Amino acid sequence: MENDLISKKDLLEETGISYGQLYRWKRKSLIPEEWFIRKSTFTGQETFFPRDKILARIEKIKNLKEDASLDELSDILSPAPSGVEVEKNKLVQEKIVSEVTMDLFAQVLGIPEVFDFRQTLYAYILDKLLASGEISTDEGKVLLKTLDEHYSEFAGKSSEILFARKLGVSFCLLVSGSTQFSFDVGTKLVSRVNISSIIEELKTKLSNGGIG
Amino acid sequence: MKDRTRPNLKIIGNNSASGGQYSDVRIIGDGVVEGDVECINFKSVGDSKINGSVKADHLKTVGSISVEGSVESDSIAITGDLRSTGDIRMGDLRVKGGITTKGSIKGDDVRLTGRVEVKNNCEGELFRLNGQLTIGGLLSADDIDIKAYRRSRINEIGGDRIIVRKGPGIGRVIKSALAAAGFRSEMLEVNSIEGDEIRLEYTKAKVVRGKDIVIDGGCNIEIVEYKDSLRVHHGATVKQKMKI
């Protein structure tokens, strides 16, 4: 565990950023609150970060900030939904969502001509899970329904979606970030997706595709 | 919120009205609004109480305003007292008098004079605080300039440039008498201060970390960790200094 964490002091040293930058990025939600881990040390309270995540994130911010303002960055990196609207055809063209996923989406939630960010997100998550082969199309429908009915309660917060099966019966769970849980013996966790990182991925894809 | 077709709300005297969407809200006297209010301009003179949240482009109060909920506005100007049970989000915030919130404050340009009591975090680009301060969370901004009055307490301060000055003190005779009686001279007590450029006066802190640090008179610091430079005034106590 200790090796996976990096202290704030070491982080600044290793990345060459200043306290001012770190606090600014935190304020702009470029670095999620839950990455700031407080621990008691012999010099009193110190803050630690998950090493790999924070180093990757800072590298990303440094690269992106050349051509985007902090507010634009925060739109990309924060888990809050953006105001993007995408045409249905464009999603398929840009290979963000496959044709098959689109059909399934249409069966469950109908097919809007223009997708708002949330709908795009649902389709994208569905596409990802279907492509990974972890869930079946029927389970995909359950997933979409769950997202459609309950994701609004989690919007803007970090959350995860889980798929579990027991004796051939599957079910879908939407949980808020960093919750600890365990299942009974017979249950198998099939798939676990962090929605915040999916949002980040999707926002990056959208802006690369000239949409965001 | 530019819809000018919405009605105006005016409360005069000891009266109440229900919340809703309005163009302009004006309260003169002892006004009570029941429910959430959304409007373009919110102005109140006297004592107003909102039993709900307030969302306005501009909010201006002379007197006191108490909000049972959150406050959101591009600009907030208070001469008197602002109390809220929820978060306060704004562009600019000007308070002369007092501000108390059980939530957090988040904005760009914040200038507060008087008594400041915030349960959680205070975040912004620029913070000018002048008065008696109690902040339970993190005070974070690019540029922080504090003039702290006696018995100020902030959990953590973080930012680019951080300056703490001493507020108006007490007379020298009383001061030496108090010092003899064991009273401390610090005005502000902080757990940790982290910034690039830090200058402190009359501050008691457990840890101060930064690049260029100046510890002026009246400070009592347990640990200072600095990167480039550290200057400690002879009237200050620093238990442990570390160059990193």
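View 1. In chain A, 63% of the contacts between residues at least 6 apart in sequence join residues at least 24 apart, where contact means heavy atoms within 4.5 Å. This is a predicted model: local features need pLDDT of at least 70, side-chain atom pairs count only at pLDDT 80 or more, and totals for chains, interfaces and linings use all residues. Residues are numbered from 1 along each chain as its sequence is written, chains are lettered from A and ligands numbered from 1 in the order in which they are written, and side-chain values use heavy atoms, with hydrogens and water left out. Chain A has 9 helices and 8 strands; helices (H or I, at least four residues) and strands (E, at least two) are DSSP runs, numbered from the N terminus. Its C-alpha atoms fill a box of roughly 55 × 45 × 25 Å along the principal axes. Of its 212 residues, 43% count as buried, that is, under 20% relative accessible area, with exposed over 50% and partly exposed in between (1.4 Å probe, protein chains only).

**View 2. Strand β6 of chain A and its two partners.** Look for β6(A) at residues 159-166: 6 of its 8 residues are buried, so the rest of the structure largely encloses this strand. On one pairing, 8 bridges link β6(A) to the antiparallel strand β7(A), residues 169-176; two strands pair if DSSP finds at least two bridges between them.

**View 3. Helix α3 of chain A, with its buried side.** This helix covers residues 51-64, which makes 14 residues, and reaches 20 Å from its first C-alpha to its last, close to the 20 Å expected at 1.5 Å a residue. The expected span is 1.5 Å times one less than the number of residues. Its buried residues are A:Ile54, A:Arg57, A:Ile58 and A:Ile61. They cover an arc of only 95 degrees around the axis, so they sit on the same side of α3(A); the arc is that of the directions from the helix axis to the C-beta atoms. An α-helix has 3.6 residues a turn, so residues three or four places apart point the same way.

**View 4. A:Ser69 in its loop.** A:Ser69 lies in the loop between α3 and α4 (70-77) of chain A. Its relative accessibility is 36%, so A:Ser69 counts as partly exposed.

**View 5. The nonpolar cores.** A nonpolar core is a set of buried Ala, Val, Leu, Ile, Met, Phe, Trp, Tyr and Cys residues joined through side-chain atoms within 4.5 Å. The largest one has 61 residues, and B:Phe42, B:Leu139 and B:Ile146 have the most contacts inside it. Strand β10 of chain B (residues 126-148) gives the most to this core, with 9 residues. Leaving aside residues up to four places away in sequence, B:Leu139 touches several residues, among them B:Cys122, B:Phe127, B:Ile154 and B:Gly158. A second, separate core has 35 residues, including A:Val84, A:Ile96, A:Ala123 and A:Leu129.
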